[in-house]
Amino acid sequence: MKLQTTLPLIALLFVSTAHAAPVEAPLVTRTATDALTISWTGREPVDIFLSDDPGAKPNDAKLVSKEDRDGTETVKVAAGERAYFLLKGHKSGDMVRVAERVLPLQQGSNFRDIGGYPAAEGKHVRWGLIYRSGGQPLLTDADVKQIHALKLANLVDLRSSEERVIAPTRIDAVPYQAVGYSMLTLTGGGAPKNGQGAYRNMPTMMAPQLRLVFQDLLARKGAIAYNCSAGQDRTGFVTAIILSALGVPRDTIVADYHLSTTYRRPQWEMPKIDTVAQANNPVAMFFAKYQQNPAAAKPQPLKEADGTPFLSHAFNEIDSRWGSVDNYLEQEIGLTKLDLAALRAGYLE
């Protein structure tokens, strides 16, 4: 199995606080198929607890290291097991939760948890409740089993009608939602070009899908996942709006957005397209051209030549047309201030 390892990231991506906390910059890295390494910095020894429950308290979790002072601990886990760690200051009792960011799927792409980020009121996004992903047409049986263990209550597919036919998800037994639209409408009938044009359209184009996602989040029936084909553009925009609603700083949102360049696995996002059988299908032929292009096998940075993140164009459009993300959420998506308060109560800790 090819592991999707977590690389060292800038401090924006870590759970952090504004003062010198007992536990700072916690990170979980998969160092073997059956091993996770937790690293952190801090001013006092910590007790480390392990659980498969993202909301577990210390009394409900397994103590794996006591008064740990060296800033690193490696823990054995079963292959495919989703593990959550609580790091508790041994003296202060202050706690922080951390988990592996990306699921180590054999044939998945960019399937990751958006938990742990600093958010409103000094809290953090809860782990194990919101997942973003690329397409899932080539998941192995083991991958499907691992995803089923997340106990998803809903899956929202952000892809076009054509993409969903060409590359149907392998995630079954989960309530599935999508909004029909044509890839040809998205691209204007030609080859799509990433950047300002595509992203300035997203606040309007993705509004119906965002309404579904927020409806599911507010229903609080369990964890949700959403995806497009690469899990970076449409999925990146939806993630940015969710995190904004939860009060996550914009620089942290952008940093999470850029993780797609690390975590994408393009070879698992779309099955091999038969160009003879699909000769009259323009959308299939578009993806076939990507499959024939060696450069497309490597994820490309999501930014302009001058370093401007593509995502910033979507934010600029929102700021220009609606004045703020909160206004956009209220006027375009239909979220009230009470809805935002409920989201933060349910998805922050």
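The structure is a predicted model, in which local features need pLDDT of at least 70, side-chain atom pairs count only at pLDDT 80 or more, and totals for chains, interfaces and linings use all residues. Residues are numbered from 1 along each chain as its sequence is written, and side-chain values use heavy atoms, with hydrogens and water left out.

**Figure 1. The pair of F111 and Y131.** Rings of Phe, Tyr and Trp (its six-membered ring) pair if their centres lie within 6.5 Å; planes under 30 degrees apart count as stacked, over 60 as edge-to-face and the rest as tilted. By this rule there are 6 aromatic pairs. In one of them, the ring centres of F111 and Y131 are 5.9 Å apart and the planes stand at 50°, so the pair is tilted. F111 belongs to the loop between β7 (95-99) and β8 (112-113), whereas Y131 is in strand β9 (residues 130-133), 20 residues apart, and the pair links distant parts of the chain. F111 and Y131 are both buried (under 20% relative accessible area, with exposed over 50% and partly exposed in between; 1.4 Å probe, protein chains only).

**Figure 2. The pair of Y199 and Y257.** The centres of these two rings lie 6.2 Å apart with planes at 85°, so the pair of Y199 and Y257 is edge-to-face. Y199 is part of helix α4 (residues 196-205) and Y257 of helix α7 (residues 250-258), so the pair ties together parts 58 residues apart in sequence. Y199 is buried, at a relative accessible area of 0%, and Y257 counts as buried at 1%. Together with F310, Y199 and Y257 form one aromatic cluster.

Figure 3. The secondary structure comprises 12 helices and 12 strands, taken as DSSP runs numbered from the N terminus (helices H or I, at least four residues; strands E, at least two). Along its principal axes, the C-alpha trace spans about 65 × 45 × 40 Å. Of the 349 residues, 53% are buried.
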